[in-house]
Each structure stands twice: as structure tokens, then as C-alpha cells.
Amino acid sequence: MGKFSEGLLNDETILANLNICAGHTILDAGCGNGYMAKKFSDLVGNTGKIYALDPDRGAIANLKKEVEKTHIEAFVGDITKPTRLKAASIDLVYLSTVFHIFSESQIEGFVTETKRILKPNAQLAIVNIKKEDTPFGPPVEMRSSPEELRQKVPLIPKTLVEVSEHFYMQVFENE
């Protein structure tokens with residue numbers, strides 16, 4: 001089982017724009033097979049912690065086997081609902097190609113939980129498929145343009161970067 005965006009994104013561009021440091025604590029929300037969690041793990045080193053969260057029990061079971069004896073902790077969960085993560089404990093929440101499936105109430109839950117778990121001045125990074133015709137992905141009307149995303153997510157917008165021909169990443173900062 002692969003994550004939809006694996007191989008379609010410029011991971012180096014994503015990582016270069018997230019300012020990840022040794023010791024950081026990161027949540028890969030909607031992690032799928034965990035390929036980005038593993039990349040984050042390399043950057044935070046032994047003093048950091050990666051949480052890999054996904055509602056897909058099978059994906060999490062597979063990932064748990066792969067990351068035994070690492071500082072990646074994989075668990076089943078939904079970022080649109082309260083998680084077991086401590087308040088103000090996360091330096092970065094990363095959400096890739098998931099936001100478009102959220103309903104209005106799920107967006108509210110996502111924002112509430114993200115704000116709760118992010119440290120002050122920490123980052124939220126959302127990777128989305130551009131709101132234009134692409135050879136794959138959901139219907140265009142389900143997608144958010146960067147402007148629409150900034151209206152839906154009440155954090156401080158920072159970096160906006162193209163992360164491949166059909167994707168962008170908006171980085172926000174918590175207050």
C-alpha cells in the first residue's frame with residue numbers, strides 16, 4: 001500500500017521549506033504508509049520524536065512493524081478529532097493530500113486539534129493538489145486554492161511553495 005502522493009512530490013523542496021531541526025517533535029497526520037514520517041525522522045535525529053497518525057488500521061499496523069526501535073510512533077487516529085497528543089507538544093503538523101476530503105465540521109475539528117497540539121510559533125504544513133485540471137485527484141470543486149485554504153485555516157500564513165507541477169504547500173505558523 002502506497003501513499004497517494006509518494007513519488008509525485010518534490011520531497012527535497014518540502015523538507016527545505018519546513019526548517020526541521022534536531023530535537024523537533026512532528027506529527028505526520030494522515031501518514032498513509034509513513035514515507036514522510038521516515039524522512040522527518042532522519043532530520044530530527046535521536047533527540048526528536050515523530051508521530052505518524054492515520055485512520056487506516058492496516059497502514060498503521062504495517063508501519064508499526066517497520067519502525068520498531070525507532071523514534072517514530074505510529075498510531076490509529078483522526079486529526080479532525082481529539083488525539084492523545086499533549087497540548088502544545090508539537091513543532092510541526094504535516095498534512096499531505098488529505099485536506100480536500102474534510103467536511104466543514106472536520107475542518108473545524110482539524111483546526112481545533114491542530115491549534116491545541118502545536119507549540120506557540122510552531123508550524124502547520126498543508127500539501128494540496130492545485131485547484132486546476134490535473135491528470136489525477138479529486139474533482140476540482142473539492143480542492144482549495146491557496147487563498148481559500150488561508151480563509152479556512154485561521155493560523156498565520158507564511159511560506160507558499162510549489163512542490164511539484166500539480167501540488168503546492170502552504171505553511172502556517174501558530175500564534
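**Comments on the model**

1. Thr97 sits in the loop that connects β4 to α4. The model is a predicted one, and in it the phi angle of Thr97 is near 50°, a positive value in a residue that is not glycine. Thr97 counts as buried because its relative accessibility is 11%, which falls under the 20% limit.

2. A positive phi also occurs at Asn121, near 65°, again in a residue other than glycine. Asn121 is part of strand β5. The reader may wish to inspect the backbone at Thr97 and at Asn121 in the display.

3. Helix α4 covers residues 104-117, which makes 14 residues.

4. Which residues of α4 are buried? They are Ile107, Gly109, Phe110, Val111, Glu113, Thr114 and Ile117. The partners against which these buried residues pack are strands β1 (25-29), β4 (90-96) and β5 (118-129), together with helix α5 (146-152).

5. Helix α2, residues 35-44, has Tyr35, Met36, Ala37, Phe40, Ser41 and Val44 as buried residues. These pack against α1 (11-16) and against the strands β1, β2 (49-54), β3 (72-76) and β4. Gly45 follows α2 and has a positive phi, near 65°.

6. His71 belongs to the loop between α3 (57-66) and β3. With a relative accessible area of 17%, His71 is buried, since the limit is 20%. Leaving aside residues up to four places away in sequence, His71 touches Ser41, Val44, Gly45, Asn46, Gly48, Lys49 and Ile50. Ser41 and Val44 are among the buried residues of α2. Between His71 and Gly45, which are 26 residues apart along the chain, the C-alpha separation is 8.5 Å.

7. Arg143 lies in the loop between β5 and α5. Is Arg143 buried or exposed? Its relative accessibility is 4%, so Arg143 counts as buried. Not counting residues up to four places away in sequence, the contacts of Arg143 are with His100, Ile129, Lys130, Lys131, Glu132, Thr134, Phe136, Gly137, Pro138 and Glu148. The C-alpha atoms of Arg143 and Lys131 are 5.4 Å apart, although twelve residues separate the two along the chain.

8. How many cavities of 30 Å³ or more does a search of the whole structure find? It finds one, and the volume of the largest cavity is about 30 Å³. Its lining consists of His100, Asn128, Ile129, Pro138, Arg143 and Ser144. By class, the lining residues are two nonpolar, three polar and one charged. Of these lining residues, His100, Ile129 and Pro138 are also among the contacts of Arg143.

9. The structure has zero disulfides. As to individual cysteines, Cys21 is partly exposed, at a relative accessible area of 41%, whereas Cys31 is buried, at 0%.

How values were computed: Residues are numbered from 1 along each chain as its sequence is written. This is a predicted model: local features need pLDDT of at least 70, side-chain atom pairs count only at pLDDT 80 or more; totals for chains, interfaces and linings use all residues. Side-chain values use heavy atoms; hydrogens and water are left out. A disulfide is a pair of cysteine sulfur atoms within 2.5 Å. Buried means under 20% relative accessible area, exposed over 50%, partly exposed in between (1.4 Å probe, protein chains only). On a 1 Å grid over the protein atoms alone, a cavity is a set of points where a 1.4 Å probe fits but cannot get out, and a pocket is an open set with protein on both sides within 12 Å along at least five of seven lines; lining residues have an atom within 4 Å of a point. Grid points are joined across faces, edges and corners, and a volume is the space filled by probe spheres set on the points. Ala, Val, Leu, Ile, Met, Phe, Trp, Tyr, Cys and Pro count as nonpolar, Asp, Glu, Lys and Arg as charged, and the others, Gly among them, as polar. Helices (H or I, at least four residues) and strands (E, at least two) are DSSP runs, numbered from the N terminus. The expected span of a helix is 1.5 Å times one less than its number of residues. Contact means heavy atoms within 4.5 Å.
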